[in-house]
Amino acid sequence: MTWETVIGLEIHVQLNTQSKIFSGASTAFGAAPNAHASVVECALPGVLPVMNRAVVDKAIKLGLALGAKINQKNVFDRKNYFYPDLPKGYQISQLDLPIVEHGRLEIVVGNEVKTINVTRAHMEEDAGKSVHEGLNGATGIDLNRAGTPLLEVVSEPEMRSAAEAVAYAKALHSLVTWLDICDGNMAEGSFRIDANVSVRPKGQAEFGTRREIKNLNSFRFLEQAINYEVESQIEIIEDGGKVQQATMLFDPDKGETRVMRLKEDAHDYRYFPDPDLLPVFISDDQLQKARDEMPELPHEMAARFVADYGVSDYDARLLTASRVQAAYFETAAKASSQGKLVANWMNGELAATLNKEGLELSGSPITAESLAALVGKIADGTLSSKLAKKAFEAMWAEPESSIEQIIEKHGLQQMTDSGAIEKIVDEVLAANAKSVEEYKSGKEKAFNALVGQVMKASRGKANPQQVQELLKAKLG
């Protein structure tokens, strides 16, 4: 039987406000346990929550970027459950009236572009954290995270592979960091993913029983967890069993999922409107102000890069993967007037070297201005492609040196003297009579071999175009 995978993601986006959603306590990461737990998060008797306006503003931003409906009336609900890191015994969230509904997010998997519908994004508070390490078998409670503002972004179950799920998660991660509403730090829990996974026979309309894999904090773990869960569910069904709806945890050391608890449904949480919080109404003026302050979005900037700098659609998508990437490209492209060449170097040599060194673009020793200077020397014929790679390596090691200093110090000036190149060409033709005869008999590869010999004899410094023109003239 052929099986189809069905995946929907619930992603918790931690908003980068300075204070928590219902109190003035700090959201700064890394403080001593409970240093940022106010009386609100500790649920002391008589304390009342007060809504943080910045949370609403950031939620509106995401809704506009997703092309979604912004609900101007917002009601908060209590989601009731017992857990040690939730002193109130309930979490404040939104059920029936989320702030954002019916959005869309484009993803790219391979060469295919697909639109994933976003069901909703609602505001809620985070819970605290149970700490098990270093306590001699005991469990401690750290409430620093309690009350941290979150947007839970829920997709439709429209992804059909782990690769699509990863592409969607990366696209949303890129968008929320681009909008500067989240720092995107997955290691610190700023962007956490729950994956709802089920399988069904290919062609079947109704969904299979889903399992939810909780708190995945890396794209690699997301892919591994989904692939394992899919195989596990198929195996259960093909062995004659039934998949139980459950909440799962992923063990990255073993590369497998395991049951945490049988899955609850919404009614198990006994949702009801929070009596301590009045409805939040978003005015038309507030909405318009948010629209006016929206930055240029990635897809808009990508289209502009294609139009203004002549890069391909594919390159434009890579260049707008982050604001840092886009700003680097535009700085270099403007300085050199060589947009396509800058894109080639950024997506090629620079990206490969950063990956090899384990660096982000923000940590590159080669600045946008330095890359612009390098491609400028390629464009004006000072450097050949081969010499440019050597120059790039030298620039990486000697970032304080200018491109002119690099070229002079390492002897990388391209040879353009036609007389000197012609002399080398004559010597190569005299020493490679066999290749000359093969070319004259119709073997094109022999010509490339001769070009290679000339470039080798010139130590890569001869202008390749001049070499080819001279060889063709002399070979008839």
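Asp194 lies in strand β11, which spans residues 191–201, where strands (E, at least two residues) and helices (H or I, at least four) are DSSP runs numbered from the N terminus. The model is a predicted one, in which local features need pLDDT of at least 70 and side-chain atom pairs count only at pLDDT 80 or more, while totals for chains, interfaces and linings use all residues. Residues are numbered from 1 along each chain as its sequence is written, and side-chain values use heavy atoms, with hydrogens and water left out.

Asp194 counts as buried because its relative accessibility is 0%, buried meaning under 20% relative accessible area with a 1.4 Å probe and protein chains only. Leaving aside residues up to four places away in sequence, Asp194 touches Gly8, Leu9, Glu10 and His12, among others, contact meaning heavy atoms within 4.5 Å.

The largest nonpolar core has 71 residues, and Leu9, Leu62, Ile99, Tyr168 and Ile193 have the most contacts inside it; such a core is a set of buried Ala, Val, Leu, Ile, Met, Phe, Trp, Tyr and Cys residues joined through side-chain atoms within 4.5 Å. Helix α2 (residues 162–178) gives the most to this core, with 10 residues. Apart from this core lies another of 39 residues, including Met301 and Ile378.

An open, antiparallel sheet is formed by 3 strands in the order β5-β4-β15, two strands being paired if DSSP finds at least two bridges between them.

| Strand | Residues |
|---|---|
| β5 | residues 90–93 |
| β4 | residues 77–80 |
| β15 | residues 272–273 |

Within this sheet, Arg78 stands opposite Phe272 in β15.

Terms used: Buried < 20%, exposed > 50% of the residue type's maximum accessible area, 1.4 Å probe, protein only.
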